[in-house]
Amino acid sequence: MLVPCSGKAVRTDWSRQEIAALFDLPFDDLMFEAQSVHRAHHAAGEVQLCTLLSIKTGGCPEDCGYCSQSKSADSGMKATKLMDARSVLQMAAQAKDSGSQRFCMGAAWRNPKDKDMPAIVEMVKGVRQMGMETCMTLGMLTPKQAAMLADAGLDYYNHNIDTSPERYDSVITTRTFADRLETLEHVREAGINVCCGGIVGMGETRSDRVGFVHALATLPRHPESVPVNALVPVKGTVLGDMLADTPLAKIDDIEFVRTVAVARITMPLSMVRLSAGRESMSEATQALCFMAGANSIFTGDKLLTAGNRGDSADAAMFARLGLRAMTGAEPMRALDVAAVL
């Protein structure tokens with residue numbers, strides 16, 4: 001019999017067998033356990049609002065099979081230069097006015113060039129001065145670059161593992177799973193909080209979803225934020241074309257909710273973000289995700305290059321579900337502060 005883990009110490013020694021057993025639970029038992037764990041560590045009914053801006057779009061040399069910004073994709077995406085800092089800060093101000101707590105900035109790079117770092121640092125400092133949390137996703141980082149971002153005050157660095165270690169090279173061939181882990185180590189060593197998750201619905205098996213959660217839940221420290229994305233199949237991308245008009249083009253809603261619930265149970269203090277794919281999800285599915293422990297979303301009309309539900313639709317959903325925007329500190333960060341005092 002599976003022993004519920006709510007109220008127990010945070011673990012980083014989960015086995016794949018234990019995680020598979022969670023996935024196999026009857027749905028109501030899994031939801032009860034996930035909600036119990038969630039309420040033990042997070043305020044019920046609070047959801048963190050985040051905004052994501054593409055500060056440099058397209059032209060990426062990586063061959064990620066899901067991404068329309070890859071040079072390998074025939075998506076019609078045109079490459080742009082890095083946005084100027086003033087324009088980025090204007091967008092950040094608008095996001096703050098709409099209620100966002102965190103402003104995330106993404107650049108379609110394999111890794112940033114040193115010549116780009118001064119502008120990136122200016123953006124981080126400017127957003128921080130507005131009183132918002134900052135997050136960047138720029139690809140792989142050197143220790144020096146991670147230190148520069150830390151000195152600028154960057155709160156989070158996003159670097160997703162995307163999928164299970166075993167499936168990784170069938171989705172991406174221009175970098176390895178170990179490359180991802182190396183950047184995460186640089187980020188941790190610099191003292192920056194980690195945002196790390198992945199994508200489901202890429203034609204993977206449940207075993208891959210078990211491996212994906214296992215890889216995150218057994219890191220030396222769980223990511224402070226765990227985005228769970230549902231693949232948005234884009235025409236012209238490897239996966240978009242491969243999965244088009246097949247039963248695999250969309251992950252089963254209940255299986256997606258199960259993935260969110262297992263992430264919540266195994267990483268109880270992390271913010272679990274319901275990320276890409278919300279535009280095509282019903283409100284009922286999203287409501288189940290919130291019940292399963294998701295407590296962070298991206299707001300606005302766009303996520304990098306993919307569509308999103310928009311602020312007004314989210315506000316209406318929040319009103320119907322009785323949800324409210326989160327304003328306090330995330331549990332892991334609050335514990336870190338308490339440990340210092």
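A residue is called buried when its relative accessible area is under 20%, exposed when that area is over 50%, and partly exposed in between, with a 1.4 Å probe and protein chains only as the basis. The model is predicted, and local features need pLDDT of at least 70, side-chain atom pairs count only at pLDDT 80 or more, while totals for chains, interfaces and linings use all residues. Residues are numbered from 1 along each chain as its sequence is written, and side-chain values use heavy atoms, with hydrogens and water left out.

**Exercise 1. Describe the protein as a whole.**

Begin with the secondary structure, which comes to 13 helices and twelve strands; helices (H or I, at least four residues) and strands (E, at least two) are DSSP runs, numbered from the N terminus. Next, turn to burial: 54% of the 341 residues count as buried. The accessible surface, by the Shrake-Rupley method with a 1.4 Å probe, comes to about 14500 Å², and 56% of this surface belongs to carbon and sulfur atoms. Finally, look at contacts, that is, heavy atoms within 4.5 Å: among those between residues at least 6 apart in sequence, 77% join residues at least 24 apart.

**Exercise 2. Find the aromatic pairs and state their geometry.**

A pair of aromatic rings is described by the distance of the centres and the angle of the planes. Rings of Phe, Tyr and Trp (its six-membered ring) pair if their centres lie within 6.5 Å, and planes under 30 degrees apart count as stacked, over 60 as edge-to-face and the rest as tilted. The structure holds two such pairs. One of them joins Y168 and F177, with 5.5 Å from centre to centre and 85 degrees between the planes, and is edge-to-face. Y168 is buried, at a relative accessible area of 2%. For F290 and F318, the centres are 6.4 Å apart and the planes stand at 85 degrees, so this pair is edge-to-face too. The pair links distant parts of the chain, since F290 belongs to helix α11 (residues 283-291) and F318 to helix α12 (residues 311-321), 28 residues apart. Both F290 and F318 are buried.

**Exercise 3. Work out how helix α8 is covered.**

Helix α8 (residues 206-217) has twelve residues and reaches 16 Å from its first C-alpha to its last, close to the 16 Å expected at 1.5 Å a residue, where the expected span is 1.5 Å times one less than the number of residues. Ten of the twelve residues of α8 are buried, which leaves the helix mostly covered; among them are F212, H214 and A215. The cover includes α1 (16-24), α7 (177-189), β6 (198-200), β7 (225-230) and α10 (253-266).

**Exercise 4. Which charged ends sit over the rings of W14 and Y156?**

A charge sits over a ring if NZ of Lys or CZ of Arg is within 6 Å of the ring centre and within 35 degrees of the ring normal. Over the ring of W14 sits the charged end of R11, 4.2 Å from its centre. Over the ring of Y156 sits the charged end of R102, 3.6 Å from its centre.
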